[in-house]
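Please read them alongside the sequence and coordinates shown here.

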Amino acid sequence: MLDVVGSTVPRRQLGRYLQQRRTEGNLSVQRVCAELDCSPQKLWRIESGLATVKVPDVRALCEVYAIGPEMTKLLVDLAKQGSPTGWWQAYDDIVPDWFEPYLVLESSADRLRHYDTELVHGLLQTVRYMTEVIKVGRPELSEEKQHRRVELRQQRQKMLGRSGPLRARMEFILSEAVLRRPIRDHAAMADQLRYLAEINELPDISVRVLPLSVGPHAASVAGSFAVLDFPQPRRQDGDPPVVYQEGPTGALYLDRPVEIALFDGIWQALTELALSERESSDIIYSFAGERR
């Protein structure tokens, strides 16, 4: 895991420098993308340090930005250092291009905030629960690929037990609807609910329930989302938070200050309406058919 996080550093340095040169040259994203014959999303991923940058792309950008040969060589070296060695590469056959950047972000974050409206978040799902929701959500996939998706989600869940410098604070707010929406295997659903209450006892994990009785609220229109924060180094610019929202065919990655401020405000409003961790565990146990 240390190698995974460390490999993002040169990519971020490369991306920040390239973005600076584009801005200084007063070049629009559209113009640069036309020169490279690439999409704006690809350029954004390069500048954000979320994607592996191929050496030919670095050389092409350096040519567009009129960067000299010595600096070009340094940037090419950064690109080579930033080749990811993430565990998720073993799942290339099932990880869509738009989701891979999230796996990089998730592995690097030191604070993750998730609001979920429909399902238990993937990091908190039991194997039986995730198996059923994957079958329902992606019925067109072969049984083998569905099983690999379960494996991928289990690999992601290993970050729940991280310690030391990779330790991350994880905060989850679940709509009460998530607890009320059963899966076909009722025993598996009960196990899932008990697991939610049990994991809520861990020091770096917070699971809170947003009651349906609160009515419409700040996130009613926004829907499910995640906010990821990253370690801030003392002597260099840190990475800004990122808001992530996912759909069936792609995802949004938002990092502009105005966007972060908006979702910070939505999150704050949710925390004021959600039950406490203790109250949440009690209601979760009650839905599992137990009383404490």
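How much space lies in the largest pocket? The points below begin with that matter; the model under discussion is a predicted one.

1. The largest pocket holds about 1,100 Å³ of space. Its lining consists of 32 residues, and those nearest the centre are Trp98, Leu119, Arg153, Glu246 and Gly247. Two or more lining residues are given by each of β1, α7, α8 (143–156), β4 (225–229) and β5 (242–246).

2. Which element provides the largest share of this lining? Helix α8 does, with four residues. By class, the lining of the largest pocket comprises 16 nonpolar, nine polar and seven charged residues.

3. The second largest pocket contains about 700 Å³ of space. It is lined by 30 residues, among which Gln19, Trp44, Glu47, Ser48 and Asp255 are the closest to its centre. The elements that supply two or more residues to this lining are α1 (2–24), α3 (40–48), α6 (100–108) and β6 (251–254).

4. In the second largest pocket, the largest share of the lining is that of α3, with seven residues. The lining residues there divide into 14 nonpolar, seven polar and nine charged.

5. Is Gln125 buried or exposed? Its relative accessible area is 4%, so Gln125 counts as buried, the cut-off being under 20%.

6. The side chain of Gln125 makes a polar contact, at 2.8 Å, with the side chain of Arg153. Arg153 is also one of the residues that lie nearest the centre of the largest pocket. With neighbours within four places in sequence left aside, the contacts of Gln125 are Val120, Met130, Val133, Arg153, Gln157 and Gln192.

7. A further point concerns strand pairing. Strand β2 (residues 169–175) is joined by six bridges to strand β1 (residues 111–116), and the two run parallel. Within this pairing, Phe172 in β2 has His114 opposite. Strand β2 is likewise joined by six bridges to strand β3 (residues 205–210), again in parallel. Here Ile173 stands opposite Arg208 in β3.

8. How many of the seven residues of β2 are buried? Six are, and the strand is thus mostly covered. Strand β1, one of the partners of β2, is among the elements that give two or more residues to the lining of the largest pocket.

Definitions and conventions. Residues are numbered from 1 along each chain as its sequence is written. This is a predicted model: local features need pLDDT of at least 70, side-chain atom pairs count only at pLDDT 80 or more; totals for chains, interfaces and linings use all residues. Side-chain values use heavy atoms; hydrogens and water are left out. Buried means under 20% relative accessible area, exposed over 50%, partly exposed in between (1.4 Å probe, protein chains only). Two strands pair if DSSP finds at least two bridges between them. A polar contact is a pair of N or O atoms within 3.5 Å; within protein, one must be able to donate a hydrogen and the other to accept it, and residues adjacent in sequence count only if both atoms are side-chain atoms. Contact means heavy atoms within 4.5 Å. On a 1 Å grid over the protein atoms alone, a cavity is a set of points where a 1.4 Å probe fits but cannot get out, and a pocket is an open set with protein on both sides within 12 Å along at least five of seven lines; lining residues have an atom within 4 Å of a point. Grid points are joined across faces, edges and corners, and a volume is the space filled by probe spheres set on the points. Ala, Val, Leu, Ile, Met, Phe, Trp, Tyr, Cys and Pro count as nonpolar, Asp, Glu, Lys and Arg as charged, and the others, Gly among them, as polar.
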